[in-house]
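Please look over the sequence and the structure shown here before reading on. The briefing is meant for someone meeting this protein for the first time.

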Amino acid sequence: MKGIGGLGHRGMSLVEVLVAMLVLGIGVMGYAALQLRAVKMTEDTYSRSQAMAIAQDLVERIKVNINAEATYTAEASWTGDLVEQSCFVASPDSVTRPCTDLQVAAADIYETRLTAQTMLPTGSVAVVPCASITCVTVAWNETTTASCDESQIIDGERGANANCVVLPTIAD
């Protein structure tokens, strides 16, 4: 069968094939970039939810052991090497309880720091003053707890690279 002008159709030319491959390649690269972004956002969401759970757990531990508040809020409790502390509280009354409030606080701090380091990439925790209250700060991905304070907030938002959760806990 002859087309217009008397020439027959013989298929696609090499140029048409190359253009089709180029369009397909651009589409596949765009899809791959979208997938990478989705994986990163999923990872960030997971880290944020883990950090929130760690912060909430620590807030509850502090409220239960309010007599040792000074231990929880001491900066030295959240820095330095991680030294294993353990304490088992068998009974709520002070007569049969084998641990003091300070020992319970030291064990809570150890467990919280260990959990943050285990569950989050380069995770760290601190209990820090913020405004007229005390806040639990959990940071990860090379963000330090010091870079999560109120002075780092610009126009209502932290920097784009700030990976942290700040949860109010104790009224001063």
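This is a predicted model: local features need pLDDT of at least 70, side-chain atom pairs count only at pLDDT 80 or more; totals for chains, interfaces and linings use all residues.

Of the 172 residues of the protein, 28% count as buried, and among contacts with a separation of 6 or more, 59% are made by residues 24 or more positions apart.

**Helix 1**

- Helix 1 covers residues 14-64, a run of 51 residues, and the distance from its first C-alpha to its last is 75 Å, which is close to the 75 Å expected at 1.5 Å a residue.
- Several positions of helix 1 are buried, and these are Asp44, Ser47, Gln50, Ala51, Ile54, Ala55, Leu58, Val59 and Ile62.
- When its neighbours within four places in sequence are left aside, Gln50 is in contact with Met119 and Leu120.

**The largest nonpolar core**

- The largest nonpolar core is made of 21 residues, and those with the most contacts inside it are Leu58, Tyr72, Trp78, Val125, Val136 and Val138.
- Two or more residues of this core come from each of helix 1, helix 3 (101-119), strand 1, strand 2 (133-139) and strand 3 (164-171), and helix 1 gives the most, with six residues.
- Tyr72, one of the core residues with the most contacts inside it, touches a number of residues beyond its neighbours within four places in sequence: Leu58, Arg61, Ile62, Asn65, Trp78, Val104, Ala105, Asp108, Ile109 and Val127 are in contact with it.

**The second largest pocket**

- The second largest pocket holds about 170 Å³ of space, and of the 13 residues that line this pocket, Glu75, Ala126, Val127, Val128 and Thr145 are the closest to its centre.
- Which element provides the largest share of the lining of the second largest pocket? That share, four residues, comes from strand 1 (residues 124-130).
- By type, the residues lining the second largest pocket divide into seven nonpolar, four polar and two charged.

Conventions:
Residues are numbered from 1 along each chain as its sequence is written. Side-chain values use heavy atoms; hydrogens and water are left out. The expected span of a helix is 1.5 Å times one less than its number of residues. Buried means under 20% relative accessible area, exposed over 50%, partly exposed in between (1.4 Å probe, protein chains only). On a 1 Å grid over the protein atoms alone, a cavity is a set of points where a 1.4 Å probe fits but cannot get out, and a pocket is an open set with protein on both sides within 12 Å along at least five of seven lines; lining residues have an atom within 4 Å of a point. Grid points are joined across faces, edges and corners, and a volume is the space filled by probe spheres set on the points. Ala, Val, Leu, Ile, Met, Phe, Trp, Tyr, Cys and Pro count as nonpolar, Asp, Glu, Lys and Arg as charged, and the others, Gly among them, as polar. Contact means heavy atoms within 4.5 Å. A nonpolar core is a set of buried Ala, Val, Leu, Ile, Met, Phe, Trp, Tyr and Cys residues joined through side-chain atoms within 4.5 Å.
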